[in-house]
Amino acid sequence: MTIAHEFDYLRPATLEEAVEILAKHSGNVRVLAGGTDLVPWLRDEMIAPDLVVDIKRIEGLDRIDHEGDVVSIGSLVTFTDLLRSDLIATRLPLITEMAGTVGSTGIRNRATLVGNICSAVPSCDAGPVLLAYEAIVEIVGESGFRQIPIDTWFRGPRQTALDRGEIVTKVIVPIPEGRHGAAYPRLSRYRGEDLAQASVAIVITPENHYRVAFGAVAPTPLRAQRIEALLDGRTLDEQLLAGATVLVSEEVSPITDIRSTREYRLRMCEVMLNRGLKAALARLEGNGPPYGTRLM
Amino acid sequence: MDITVTVNGEPFTLSVQPADVLLETLRSSVGVKSPKVGCERGDCGSCTVLLDGHSVRSCLVLSVETDGQEITTVEGLSDEGLTRLQQTLIDLNSFQCGFCAPGIVLAAAELLEEEPQPTRGDVQTAISGNLCRCTGYEPIIDAVLAAADTAEEPDR
């Protein structure tokens, strides 16, 4: 039951201290926030760091802030924090809907949104939702802060644009102008705790701009650009939905694994796109199901 | 390295290695056996403890992370006797083998602390990360609702 691999552990009190530790350390180092991915990966020996840097006690990283037309979500903000935030529920309701689908309460109390995109497993729930909101990842390293748009963040399964010596400080999410409707249909084998077999995040604005992003059906979460281009500027009707559905197989490339077959994932992506677009539109018009209602 | 934690109201100074996981520290060093070793990957909920009042998987927490924090297991839920929730679970014969019971009691206790009048759906959500292979969950959900004294009748 033990973690067989030995490592050192440091718990810096400030971001500056954390950056200095990472800059000085030449070996294999891992940053620890919620630990709900890191600890099992250590136990399974998928990773073998010689140093783990626990950022959990760094002040200020646990904040959700509204600054002008963006909301920034610090790297220690948990999914439970997101679920309870009125700011998120009113301004970025797709994040509320997504947060409720992650793990279970015992996981959500610990797991962070930023950790979710840093682990970058293809089925991560934060990925498609942050893609649909066109979020920006803020990073700090020895040479200072830099920002990476979320659409260039994911580089492959468990691979991100984060360089050696860097720490994510927050995710900056622009609030879509005016009202928006959104939906996150997510397929899993049972209610309660399961990874997504497939998911799709959808945002619709009153001017008929659509953002569509899939999760768990490609090496990384991805924006469905062909579907978005087809839908753009047009009012949703059955004919348009049918046209968008045809494009799904060109966008996603699911695999068969222990949780689902390729064929089932592909077919369900079509179903989820339809249901998600309808739910997002209904919510935009003020008569959709409340956010957090299961759409699958 | 040494850490100081409070377990069920009692302070402990423990010598731990960075790779030590809270579940094993509680069972081996502190001697509290109610958090059970189940899947050890966060899926089953049988190792659930309250960390500063919030349910966490003790198999997913490094012991060193908890320095200065307060840990509660079922043994520490009340100063004397059983809580109303625990007594109701017994009265309604909600568990069979009992392996999942400590985790479910803590998950339900956290829910009742935050939502004294939960709906059936709230209870289902609260214990959805705690696997039980005996009961089919219904008698457990009934008992949590009965303990909460909610207006909602069991509808199974």
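Trainee: Is the crossing of α10(A) and α11(A) left-handed or right-handed?

Mentor: That crossing is right-handed (the near helix is turned clockwise from the far one by less than a right angle). This is a predicted model, where local features need pLDDT of at least 70, side-chain atom pairs count only at 80 or more, and totals for chains, interfaces and linings use all residues. Residues are numbered from 1 along each chain as written, with chains lettered from A and ligands numbered from 1 in written order.

Trainee: Thanks! At what angle do the axes of α10 and α11 of chain A cross?

Mentor: Roughly 145 degrees, and the axes come within 9 Å (lines fitted to C-alpha atoms over the stretch in contact, with angles from 0 to 180 degrees between N-to-C directions). Helix α10 covers residues 238–251 and α11 covers 262–284 (DSSP runs of H or I, at least four residues; strands are E, at least two; both numbered from the N terminus).

Trainee: Which residues make the contact?

Mentor: From α10(A), they include A:Leu241, A:Ala244 and A:Val248, and from α11(A), A:Leu266, A:Leu273 and A:Leu277 are among them (C-beta atoms, placed from the backbone, within 7 Å). By class, the contact has 7 nonpolar, 3 polar and 1 charged (Ala, Val, Leu, Ile, Met, Phe, Trp, Tyr, Cys and Pro are nonpolar; Asp, Glu, Lys and Arg charged; others, including Gly, polar).

Trainee: New topic: how many residues of chain B are in contact with chain A?

Mentor: 24, meeting 26 residues of chain A. Strand β4 (residues 54–57) of chain B gives the largest share of chain B's side, 4 residues. That side has 11 nonpolar, 7 polar and 6 charged residues.

Methods:
Two residues are in contact if their C-beta atoms, placed from the backbone, lie within 7 Å.
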